[in-house]
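The sequence and the coordinates are shown below.

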Amino acid sequence: MKQMMMGIAAALIGCGAAGETLFDFETEEEAPNIQAKSYYIGITNRFATSGEHALAFHCDPWRTGLPQWPSFNLHPSVNDWSGHDRMVIDLINLGEGGDYLGTYIAEKEGRIQNGLHASAILPERGYFQWVVPLKNWPQTANPKAVARLHLYASEPKSFDLYIDRITLLKPGEPLPVPDSPSVGRDLLPLMTETVRAMQARDAERSAAETHAESYWRFREACGIAGQETDKMLVGTASTMVKIRPRAAFTATPVKQVIKVRLARNEWEGFQLLVAPGDKDLKDVSVTATDLCRADGTVFPASRITCAVTGYVNVTGKPPYRVGYAAPTNSPAGYFRKTRRPESGWWPDPILDHMTRTDISGRDVQSFWIRVHCPENQPNGLYTGALTVSAKDIPPVTCAFEVKVNAFAVPKKSPLPLAITFWPEVNAQPGSPWAEESGKHRSDPEMPLNAWKPNRLAWGDFLADYYITMDSLYGQTRHQWDVLSRLKEQGRLGVFNLGYWSYFGNGENAEESWRQNQLPQLKKNWEKAKELGLADHAYLYGCDEIAKEYFPNIRKAVEILKREFPGVPIFTTAYDHDFGVGTELGCMDWFTPLTPKFNPEKAAAARKEGRQVWWYICCGPHSPYANMFIENAAIEGRILMGAQTVRMRPDGFLYYEISIWNMLKPLSQGPFTDWNPRSWTTYHGDGSWTCMGPGGMPLATQRLENFRDGLEDYAYALELERRLAACKDPDGDWAKRARALLAVPQDVMVSMTDYTDDPDAVMRWRDAMADLIERAEP
């Protein structure tokens, strides 16, 4: 140990610089700031060997599902390296040694692997210089046109690296030596056994340790961004990412302006993340000012809500895996894989009744920021501020911009929806929950009853998410006052007149069927006509029925068509030819599960006058998109947006959004008592909503992403409309529009291969907005 410290001390002696310095990381412009899923790259004021700053490169221990090659690019200002024979990089490794570090030195264009390659195995903790020989350049690389310096790890194990002064040397020039006192201050204490033990990394670290690492990385990044990290840490994250409060997370520290772009009548948002510094935070809240355009036009603060995100405690083991996008060398850059979901606290309900909360320890608390653009808001750029406040510490104010597009999204769903909202419990017969819930089934505080006095509020709430209060099942669940209200508002979608089943067998099968099925359906039909709602009605039945019953289904459909002329007959019966050449050619609307949706067969059915929708339920599982609590939040948005644009179903069906296994409404937060179990052992299947105090409606993050996806789809329809009116169908604008309507590969390759990157989705969405605004009126 003594000899090691003497060696390091000797390495610190000396001053001055040799050669041509490419990077010394004294400015943020020299290097990227990357906070990826399992690695972090950013400027830090620790372990500098030149000046006051170095570049931190930290990686979580690699395991299946994490990026195999964490990497980044630097762009040198010196492009002609032909007169140099070495590149020298100062490295300080806090890891246990044995990790791989590689580089490619390449031109501006082409594959990075065409460049000069070198690699090193990192030694145990300490300072060393990596000398990269600049000889034996491959024929695919030009040493006179260097534009990219690519550095990467490979399946990191104990990777905690600080990079400083990168230097080019000519023949005969000596190696540079450290000239920063901070390297001695930081390195010598590092060599004590105590600190060595603290720095040891274990590939089997617990979730709490993983969260702690994320916290400290976030805190360091907030410090670099100029925040007072001893008091409060403030960052942002996309609404397409689930930020767990006590697990690994990735966030961007607030430094510059926070930006939101949206169309008139659209909802869009982001998460503002807050964590304590040295002490717990009390009474934390987020507030927004009015935003103003340059000419004084106001975007009112009343259209911006800042709600506390709630968390549910997942303890059971569900019967599904969850997906993630693993990096590959494919054109899209990713391939979707699956893994078992983790237990613990997961974000889900958005607690609109809570605008402030306490935050303890190293918890990272999300505030869900929604912006809703008025239908008549003038387009343009509006500026204002968001303020994060807490008791006894200075508030943090963030510049905030909202850009309003020069077009609108519709008030009602751009895609037909058939979705059940009818609160229920799910209990296995004979289970303790079945007995307990049965005792309280008539209790007015039980959520399955408490929503009814607020049904108009629930109807408006659901319509805000493009959902019409409806039920696929039963015949007496209609809330006629809600449906009439939505009709007046211009927000009414389609609704079910009532569920119907297929014929039985036997001598009196038709008469029995008529007596059991038709009387209430006829009453509902007359009521719909009386209220002027008939053109919104459909008839759904024969839920997921097998082929052997098709003759009996056909008999029922023939009668329904005579009794209810013009009303579409709708099913999820398992006819995957969608009536083309089958006994169910009489059916109007078919609905397969998303994996069974076949665009070619759907096109053939449409030629015969039928529609083909699609649906999800407790299936499919990953890698197909679904909306369980542990699934990536982006999946709901991808399903309703990009996948719907690419595949073009005629509508979307979902069996239930209000399975509430609770005796009382949600009563605490942000760590709530809401039961995440919904149908059988699933978490969130059939349950996209929660109930707050007094029976008030509460959305979930999954429901928010559902709506955001439909709004993405609305952008595509608007772009498609303008493309159809384009006077130059072969021009650049039209070509670009068709490319976006095909959905870029970096967003979606297939139904089982799609991105986890919110930036990819937003690039696609904003590119559509740009083209819409550039189109001729």
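In which helix does R606 lie? The model is a predicted one, and in it R606 belongs to helix α11, which spans residues 599-607. Is this residue buried, exposed or partly exposed? R606 counts as partly exposed because its relative accessibility is 30%, a value that falls between the limits of under 20% for buried and over 50% for exposed. Leaving aside neighbours within four places in sequence, R606 is in contact with F597, V612, R648, P649 and D650. D588 is 18 residues away from R606 along the chain, and the C-alpha atoms of the two are separated by 9.7 Å.

## Sheets and strand pairing

Four strands build an open sheet in the order β5-β10-β7-β8, with antiparallel pairing. Its edge strands, β5 (71-74) and β8 (116-121), each pair on one side only. From one strand to the next, the twist averages 15°. Within this sheet, β7 (residues 100-106) and β10 (residues 148-153) are paired in the antiparallel sense over six bridges, and Y104 stands opposite H150 of β10.

An open sheet of three strands has the order β27-β34-β33 and parallel pairing. Here the edge positions are taken by β27 (417-419) and β33 (614-615), each of which pairs on one side only. Two bridges join β33 to β34 (residues 652-654), and Y615 stands opposite L653 in β34.

Why is strand β24 described as largely enclosed by the rest of the structure? Eight of the eight residues of β24 (residues 365-372) are buried, so the strand is largely enclosed. Both of its faces are covered: the buried residues are Q365, F367, I369 and V371 on one side, and S366, W368, R370 and H372 on the other. Strand β15 (residues 267-276) pairs with β24 in the antiparallel sense over eight bridges, while β19 (residues 304-314) pairs with β24, also in the antiparallel sense, over five bridges. W368 of β24 stands opposite Q271 and also opposite A307.

## Helix packing

Two packed helices are described by the angle between their axes and the distance between the axes. The table gives these values for two pairs.

| Helix pair | Angle | Axis separation |
|---|---|---|
| α9 (residues 509-530) and α10 (residues 550-563) | about 35° | 11 Å |
| α12 (residues 634-647) and α15 (residues 758-774) | about 35° | 12 Å |

The crossing of α9 and α10 is right-handed. Helix α9 contributes E510, W513, R514, L518, L521, K522 and W525 to the contact, and α10 contributes A556, I559, L560, R562 and E563. By class, the residues of this contact divide into seven nonpolar, no polar and five charged.

Helix α12 passes α15 in a left-handed crossing. The contact is made by I634, R637, I638, G641, A642 and V645 of α12 together with P758, V761, M762, W764 and R765 of α15. Eight nonpolar, one polar and two charged residues make up the contact of α12 with α15.

Helix α8 (residues 480-489) has W480, V482, L483, S484 and L486 as its buried residues. The cover over the buried residues of α8 includes α7 (455-464), β28 (495-496) and α9. After α8 comes G490, whose phi is positive, near 75°.

## Nonpolar cores

In soluble globular proteins, nonpolar side chains tend to be buried together. How many residues does the largest nonpolar core have? This core has 158 residues, and those with the most contacts inside it are L272, F400, L417, W500, I553, F652 and F706. Helix α13 (residues 701-724) supplies the largest share of this core, nine residues. L417 touches Y466, I467, V494, W613, M640, F652, F706 and L710, when residues up to four places away in sequence are not counted. Another core lies apart from the largest one and has 36 residues, among them I43, M87, V146 and L161.

Note on methods. Residues numbered from 1 in each chain as written. Predicted model: local features only at pLDDT ≥ 70, side-chain atom pairs only at ≥ 80, totals over all residues. Heavy atoms only, no water. Pairing = 2+ DSSP bridges. Axes fitted to C-alpha atoms, helices over the stretch in contact; angles between N-to-C directions. Buried < 20%, exposed > 50% of the residue type's maximum accessible area, 1.4 Å probe, protein only. Left-handed = near helix turned anticlockwise from the far one by under 90°. Contact = heavy atoms within 4.5 Å. Nonpolar A, V, L, I, M, F, W, Y, C, P; charged D, E, K, R; others polar. Core = buried A, V, L, I, M, F, W, Y, C linked by side-chain atoms within 4.5 Å.
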